[in-house]
Amino acid sequence: MKRIGVFVCHCGINIANTVDVDRVVEELRKDPRITHAQSYIYMCSDPGQELVRDTIKNEKLDAVVVAACSPSLHELTFRQASAEAGLNPYQCEIANIREQCSWVHEDRERATAKAVKIIKSIVAKTYLNESLEPIRVPINRRAMVIGGGIAGIQASLDIANSGYEVVLVEREPSIGGHMAQLSETFPTLDCSQCILTPKMVEVGKHPRIKLMTYSEVEEVSGYVGNFTVKIRRKAPSVDWATCTGCGECMEKCPVKVPSEFNRGLDDRGAIYVPFPQAVPNKPVIDRDNCVYYRTGKCKLCESTCEVGSIRFDQEDEIVEEEVGAIVVATGYETLPLQRIAEYGGGEVPDVIDGLAFERLLSASGPTVGEVRRPSDGKVPKEVVFVQCAGSRDPERYQPYCSRICCMYTTKHAMLYKHRVHDGQPYIFYIDVRTGGKGYEEFYHRAEEEEGVVYLKGKVASIFRDGDQTVVWGTDSLAGRNVEIRADLVVLATAVVPGTGVQDLAKKLKIQTGENGFLNEAHPKLRPVESITAGFYLAGCGQSPRDIPDTVAQASGAASKVTALFSKDEMEQDPMIAAVDEDVCGGCRVCISVCPYDAREYDEEEEIAVVNEALCEGCGACVAACPCGATQQSNLTDRQILEMITASLGEE
Amino acid sequence: MAEGADNETTPRLRLDREKVRGEFGKRLDSLSEQHILACYQCGNCSSGCPLAEEMDLLPSTVMHLVQLGQSEAVLNSRSIWVCASCLQCTVRCPKGIDIQKVMDVLRQMALAEGIDHFGPDQVDPRNAAEVPQPGLVSAYRKLST
C-alpha cells in the first residue's frame, strides 16, 4: 500500500479565510488511504518545505500531495523539496485549493467540502502515479536568427560573441531593417546610421555569423535543440563572390522604379542595392522590373560589368541548416497610407507617412536632408503631424497603441524646426505617451523650447485645395474645431506585423495573437520566449516597441539561447503521451491531431509512436485515440476515472 | 460684465504660424516674464482655482488659448476679470509658471485695447463689496485712461 502524505497550506488568509483548513485535515485523517495529513500557514516557506521533507523521511512516505495554490506557481518548488527527501519528484502532486476554491467561493461550509473533494481526487490520482525520469535530449549549439533588423542584428551579435555560431536569415538584399531608414533617434537625436551601420559591418565580418540575405525560411522540422531549417536563397542574378560592389551596373540600368527604401520618394534601377551602406554591399536584379527578363533584350548591366558577375540564368537555391534554437525577429510594417482614405492617404501628394518623413530628414535621403514636399519640392512652412493614424481605433483600424509614434512624431516636429526655422509644426494627438528614459523631458523640450503646437484631438479629414493640404481637426482642450492650411501632412500610421509573418509562424509552429503579432509564453515572466520550446522572440514582431526596448529584448532572447546552449543536453518533462504497443491498431488519428508533429507512424511495427523530444504533453492524441492505446504518463484514463469518482464523493 | 464675445458659440479656429507664434504670445511672455509655452495643460491651475465656477474659460483653457495666439477669445473672456489674484494657480503650477501674473498682464492688455469690459456704474453699490478687487480697480483705471 502506497504511503501518501497530504500537506494543506493556509496561504496566510488566502485559503484559510474561506476554507476551514483544520476541518479539512480532520476529514483527510479519516481516510484510510492517507497516511499523514497536516496543515501549515505558509507551506512554500522554508519551514514549510522543511516540514514536507522531514515528514517524507519520518513517515516513510511514497508520495506527497500539497494542497495549496496553482501548480503553475509552486509545483516545481515542492517537487524539488520531495526530491531532496529522496522521493521521485513525479510522486509529488499539487491540489489547487486556492485559485480553484478559496478565491472563487464565499460560502465557507461548501468551500471546505469542495477543498476536501479536490484533495481526495488528487490523492486518488497520486495513488496511481509512476516514478518518471526526465527525458534527455542532445542540443545542437548553433542558433538561427530570422530577420536582420536591429533586433536580429543584436541577437546575432550577442550569441556569436558568446562563442556560438549563428545563421542570420534576412529576406531583403541587405540587413539593417527599418532602423537603417531613420534619420535621428529619440530622445538623444543620435544619427541612426551612425549607431547602426557599425553593427551591420560587425555582423557582415563576424567569423561566427553566417549571413544569408535575400533568403527566406521555407520549412522547419525538428524540435528544441535539434531543428533542421530549409532556406530559399533567392537568386540575386549576380555572382556575389566576384562582384566588387562598384555600382557601375546600377548607373547604366535604364529602369526606374520607386525605391522601397526611400518610401517611393525617388527611384532605383532594376539592378540595385537598397541603400549605399548596405551589408552586403552587392546588388540584386529585380526580375519583375528588369527589361531583359521582360523583353529578352538590354543586358546593359552585363556589358558594363568589368568582372563579369551578372548571372541572368542564376536559380534559387535551397540550403539546409541544422540549429538548436531559433530567434524570430521579423519586425514591422506600417499601415499603408491608402488604407486611410479620410486623410487623403495615397490621393493627396503632400500626405506622407512617418517613414517617408524620416527619409526627407535623412542626410542620405532623396533630398539630402532638406525638408521638401513631394508635390512640387517646396520647403513646407506649415506642417501638420497626425498621430494615431490607424492606431487606437478598434472600430475601423488597429485597436492597440503603436507605442513609438508619440516620440517619433515629437522628434519629427523638432527636427523639422531645426531644418526650417520659420516653419511651424502642429501635432494632433489623443494622448502623449512618454514612458521611457528621458522621453517626458524630450516632449517638454519640443513644446517649450521648439514651439511645437500640440492639439489634443483627432483629425476628421484632410483634402487638397490648390497647392495646400487642408486639415480639419479638433482641439478638445480649447473646445473648438480647428482648420490648418498645411503645406505638408505626416501621418503616424499604425505599426502592424511584417508581411508574411502569419505564414512564417505556421511554418515554425509558433503562435500569433489576434492582431497578428507573435505571442510570448507569458506576458510578464517569459516575455522573450515563444510557447513552443526552442523559439525566442525579439523586436516589433512581438508588438510595437522602440529601439532601446528592442535591443534589450534581443539581448534577452540571446541570453536565453546561450543559457540553453550552456548544457550538453536538455531535460524535458516526461508527462507526455506514451503508446501501449499491444493495443495500438495503427489508425494514425493521433498523427492528424498532433499540433507538434510529435506522432509518427512506424512502418515496421505498424503502430504510431511518440517522438519524446517533440511531444509537449498537450493530450490531443490521448483524447483522440479510439482504442485507448495512447495514454498520458501520470494522467492515464484510469487515473482520471479515479479522480472523477473521488470528486463525486466516492459514490 | 464683458460681452462673452466668441465664447457663446464655437466657430472653427484657423491656425497658422503668424497666429500661433505671433506678437501676442511674445508680448505676453515679455510683459509677464513668464514662458507661456512651458504649460503642458495638466490642468492643476483650474482644479485648484476657487473661482473657476464663475469663469467662462478655465484658467488652463486661458493658458492653452494664449499658446495658440487666440488673443480675442482670451481678452474678451470673463475669466480674466473673475480672477481674484489669489495665487492658487501660481503655487500649484508644476512648471513654475506664475499664472496669476499672466492673468494680470491679460487684464492690462484688455484695458490697453479698450475692450469694454466693465464700468463702475454697472456695480450695484449694495454688492460693491463682493466685486473682486482687481475688477473694481481696473474699472476705475479704465475711466482714468
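User: Which strand of chain A do four bridges join to S32(A), residues 599-602?
Analyst: Strand S33, residues 607-610 of chain A, and the two run antiparallel. Strands are DSSP runs of E with at least two residues, helices are runs of H or I with at least four, and both are numbered from the N terminus. Two strands pair if DSSP finds at least two bridges between them.

User: Is this an experimental or a predicted model?
Analyst: It is a predicted model, where local features need pLDDT of at least 70, side-chain atom pairs count only at pLDDT 80 or more, and totals for chains, interfaces and linings use all residues. Residues are numbered from 1 along each chain as its sequence is written, while chains are lettered from A and ligands numbered from 1 in the order in which they are written.

User: Back to the strands. What is the bridge partner of A:Asp602?
Analyst: A:Ile607, in S33(A). S32(A) and S33(A) make a hairpin with four residues between them. In that turn, A:Glu606 has a positive phi of about 55 degrees.

User: How many residues of chain B are in contact with chain A?
Analyst: 18, facing 19 residues of chain A; contact means C-beta atoms, placed from the backbone, within 7 Å. On chain B, strand S1 (13-15), helix H1 (17-20) and helix H4 (59-67) each supply at least two residues of that side.

User: What does S1(B) pair with?
Analyst: Strand S26 of chain A, residues 480-486, through three bridges, running parallel. B:Leu13 is the bridge partner of A:Val482.

User: What comes just after H8(B)?
Analyst: B:Gly114, with a positive phi of about 65 degrees.

Methods
Contact = placed C-beta atoms within 7 Å.
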